[in-house]
Amino acid sequence: MKKKIENPVLVSNKDISYKYEILEKYECGIELKGTEAKSLKSAKGNLKDSFALIKGREVILKNMYISPYEMGNINNVNPTRDRKLLLNKSEILKISLKLKQGGFTLVPSKIYLKGRWIKLELAVCKGKKLYDRREDLKKKEANKQINLFKM
């Protein structure tokens, strides 16, 4: 019997756990053009420097790079265009209240498939200081050493 993989990850942001402390995660949809969806399904995207903003009652994703679809011609769009994120009104209000407290940012952590839909995991994060990053690296190294001695 074949095992079905749940929610295969297409693109992930690996820097998020290093640069930020994740407080909450939200699942949302992305408003995409046809060629962008095809390009994302072939895992040709980058979340490295992307972030989200709340403008009015909408959440906008900025600086996400989706490479142009190879088979597309005039239907290809700007690779770093602003994309609207699809969230409930109540979720947008919760996020905006969190962001108004100060020191928090919205960062996309991964893009994955859920059924036939492309979903984005949006994280409410707080930036780490340089000394916090160093402490995390030291803890990670210590855990590696402990695991080596257990074997």
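Ala-52 is placed in strand S4, residues 51–55. Strands here are DSSP runs of E with at least two residues, helices are runs of H or I with at least four, and both are numbered from the N terminus. Ala-52 is buried, at a relative accessible area of 6%. Buried denotes under 20% relative accessible area, exposed over 50%, and partly exposed the range in between, with a 1.4 Å probe and protein chains only. Ala-52 and Val-124 are 72 residues apart along the chain, and their C-alpha atoms are separated by 9.8 Å.

The model is predicted: local features need pLDDT of at least 70, side-chain atom pairs count only at pLDDT 80 or more, and totals for chains, interfaces and linings use all residues. Residues are numbered from 1 along each chain as its sequence is written, and side-chain values use heavy atoms, with hydrogens and water left out.

The protein chain holds four helices and nine strands. From the N terminus on, their order is β-α-β-α-β-β-β-β-β-α-β-β-α. The C-alpha trace spans about 55 × 45 × 30 Å along its principal axes. Of the 151 residues of the chain, 30% count as buried.

Tyr-20 is partly exposed, at 24% relative accessibility. Tyr-20 and Glu-135 are 115 residues apart in sequence, and the C-alpha to C-alpha distance is 13 Å.

Backbone angles were examined next. Ala-43 has a phi near 60 degrees, a positive value in a residue other than glycine. Ala-43 sits in the loop between H2 and strand S3 (45–46). The relative accessibility of Ala-43 is 43%, so Ala-43 counts as partly exposed. Asn-63 also has a positive phi, near 65 degrees. The loop that holds Asn-63 runs between strand S5 (58–62) and strand S6 (65–66). At 41% relative accessibility, Asn-63 is partly exposed.

On a 1 Å grid over the protein atoms alone, a cavity is a set of points where a 1.4 Å probe fits but cannot get out; a pocket is an open set with protein on both sides within 12 Å along at least five of seven lines; lining residues have an atom within 4 Å of a point. Grid points are joined across faces, edges and corners, and a volume is the space filled by probe spheres set on the points.

S9 gives the most, with three residues. By class, six lining residues are nonpolar, one is polar and four are charged. Here Ala, Val, Leu, Ile, Met, Phe, Trp, Tyr, Cys and Pro count as nonpolar, Asp, Glu, Lys and Arg as charged, and the others, Gly among them, as polar.

The whole structure has one cavity of 30 Å³ or more. The largest cavity holds about 50 Å³ of space. Thr-35, Glu-36, Ile-66, Ser-67, Pro-68, Tyr-69, Asn-76, Val-77, Asn-78, Pro-79 and Arg-83 line the largest cavity. Five of these lining residues are nonpolar, four polar and two charged.

Side-chain contacts with rings were also searched. Arg-116 lies over the face of Trp-117, at 4.6 Å from the ring centre. Lys-98 lies over the face of Phe-104, at 5.5 Å from the ring centre. The criterion places NZ of Lys or CZ of Arg within 6 Å of the ring centre and within 35 degrees of the ring normal.

No disulfides are found in the whole structure; a disulfide is a pair of cysteine sulfur atoms within 2.5 Å. The sulfur of Cys-28 lies 13 Å from the closest cysteine sulfur, in Cys-125, and is therefore too far for a bond. Cys-28 is buried, with a relative accessible area of 1%. Cys-125 is buried as well, at 0% relative accessibility.
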